[in-house]
Amino acid sequence: MPETATEKLQRIFKTLSDPTRMRILRLLKSEELMVQELMEVLGMAQSRVSRHLSILREAGLLADRRDGTYVFYRFVHQEDEPWQTGWKLVESQLRQDTTAQRDDALLGQVIEKRSFQTRNFFEAIGPEWDALRKVFNDEALRARAISRLVPQSLKVADVGTGTGILALELARLGLEVLGIDRSPRMLEAARNNIREETFPAPGSIQLELGEAYQMPVSDQVMDAAFAHMVLHYVQSPEDVVKDMARIVKPGGHIVIVEFTEHSNDWMTQELGVIWKGFNLEDVRGWFELAGLSNFRHEQSVALGSDRKLPAAFIASAQVPLSGSSASR
Ligand SMILES: C[S@@+](CC[C@H](N)C(=O)[O-])C[C@H]1O[C@@H](n2cnc3c(N)ncnc32)[C@H](O)[C@@H]1O
């Protein structure tokens with residue numbers, strides 16, 4: 001049999017008439033709280049607080065949310081008119097109530113304690129945070145944030161793109177990337193890596209099968225060309241630098257990332273490298289031969305952790321703005 005109006009009113013009055021329940025509802029209206037926190041504000045034992053919570057839940061006035069081992073409760077407004085009128089009456093009458101004012105003060109302390117616990121959490125966890133934060137999987141998000149500083153719609157070539165690692169990073173920054181590689185299998189792997197990503201415009205990646213010595217790209221169309229860990233796999237690195245210089249516009253940049261000279265035979269045997277790193281003066285010479293200016297370089301410490309790896313360097317230069325040099 002459906003509930004009569006009198007029965008409904010009786011249920012509403014009964015639920016709202018208890019002073020503890022009124023206090024709980026007021027608190028949960030202003031803040032999502034756990035049982036422990038309600039106990040601290042109300043100064044009551046868990047059994048008593050839980051009993052009232054279950055009555056309020058049954059009346060449809062509570063919702064809960066689980067966060068790990070914690071359960072948070074919050075107030076839920078009932079839509080129908082008698083409930084709304086009943087609650088309005090309680091709320092307005094309690095406004096001047098001294099217990100309610102004391103509850104509010106204690107609630108402030110509980111919330112303050114929460115932020116103290118959050119601080120303590122990080123004090124305790126320190127460097128372990130890096131392992132925990134992996135759940136965020138937020139590499140792409142960070143790159144998008146940094147993209148605010150990067151001029152948009154830049155066109156860049158990733159020469160010897162391989163599995164597209166650098167191409168992905170560049171596209172996340174909002175760049176239009178052309179990834180070039182001579183290996184169809186590497187390009188297939190890059191395609192698979194890229195498939196999962198969506199780049200807000202203008203970020204994009206286009207992949208092309210091609211030789212780094214003679215790229216399928218017109219002259220002076222790119223803002224920059226990168227070759228990341230590629231030159232030690234080519235017979236004639238200076239010719240690749242020359243073709244990179246050809247496709248970049250005046251004022252644009254050529255950037256290479258390579259190993260410094262080393263004697264690690266295992267890299268030839270296991271990684272198939274042709275050159276055991278490069279001498280910076282040789283690299284400077286290739287850039288000059290390609291007619292580039294503003295040579296810059298920086299060197300890292302030795303890379304890798306398990307195997308002995310040489311230091312790496314980044315070398316860059318620009319296509320001159322005024323005219324072209326004889327060698328270009
Ligand atoms: C070590 S992987 C580097 C890939 C990527 N740049 C990275 O850092 O992960 C070298 C890549 O250069 C490509 N490569 C080597 N010689 C090339 C050439 N002459 N023309 C185009 N691609 C070449 C290989 O197919 C391979 O994908």
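**View 1. Gln-318 counts as partly exposed because it has 19 C-beta neighbours inside 10 Å.** A residue needs 20 or more such neighbours to be called buried. The model shown here, as in every view, is predicted. Gln-318 belongs to strand S9, which covers residues 311-318. Its contacts, leaving out residues up to four places away in sequence, are Gly-251, Gly-252, His-253, Leu-292, Ser-293 and Asn-294.

**View 2. Helix H9 is mostly covered.** The helix spans residues 165-172. Six of its eight residues are buried. They are Leu-166, Ala-167, Leu-168, Leu-170, Ala-171 and Arg-172. Which elements cover the buried residues of H9? Helices H8 (139-146) and H10 (184-195) are among them. So are strands S3 (155-159), S4 (176-181), S5 (204-209) and S6 (222-228). After H9 comes Gly-174, with a positive phi near 95°.

**View 3. The largest nonpolar core has 47 residues.** Val-156, Ala-157, Val-159, Ala-225, Met-244 and Val-248 have the most contacts inside this core. Take Ala-157 as the centre of the close-up. Ala-157 touches Leu-178, Ile-180, Val-217 and Met-222, among others. Ala-225, Phe-226 and Ile-247 are also in contact with Ala-157. These contacts leave out residues up to four places away in sequence. A second core, of 13 residues, is separate. Its members include Met-22, Ile-24, Leu-28 and Tyr-73.

**View 4. The protein chain is divided into two parts, domain 1 and domain 2.** Domain 1 runs over residues 5-96. Domain 2 takes in residues 127-318. Their centres, taken over C-alpha atoms, are 60 Å apart.

**View 5. The pLDDT of the protein chain averages 91.** Of the residues, 98% score at least 70. Residues 324-328 have a pLDDT below 50. In the model, this stretch makes nine contacts beyond near neighbours in sequence. Where pLDDT is low, predicted coordinates should not be read in detail.

How values were computed:
Residues are numbered from 1 along each chain as its sequence is written. This is a predicted model: local features need pLDDT of at least 70, side-chain atom pairs count only at pLDDT 80 or more; totals for chains, interfaces and linings use all residues. A residue is buried if 20 or more other C-beta atoms lie within 10 Å of its own, exposed if 12 or fewer, and partly exposed in between; C-beta atoms are placed from the backbone. Helices (H or I, at least four residues) and strands (E, at least two) are DSSP runs, numbered from the N terminus. Two residues are in contact if their C-beta atoms, placed from the backbone, lie within 7 Å. pLDDT is the predictor's confidence in each residue, from 0 to 100. A nonpolar core is a set of buried Ala, Val, Leu, Ile, Met, Phe, Trp, Tyr and Cys residues joined through C-beta atoms within 7 Å. Domain bounds come from an automatic or database domain assignment.
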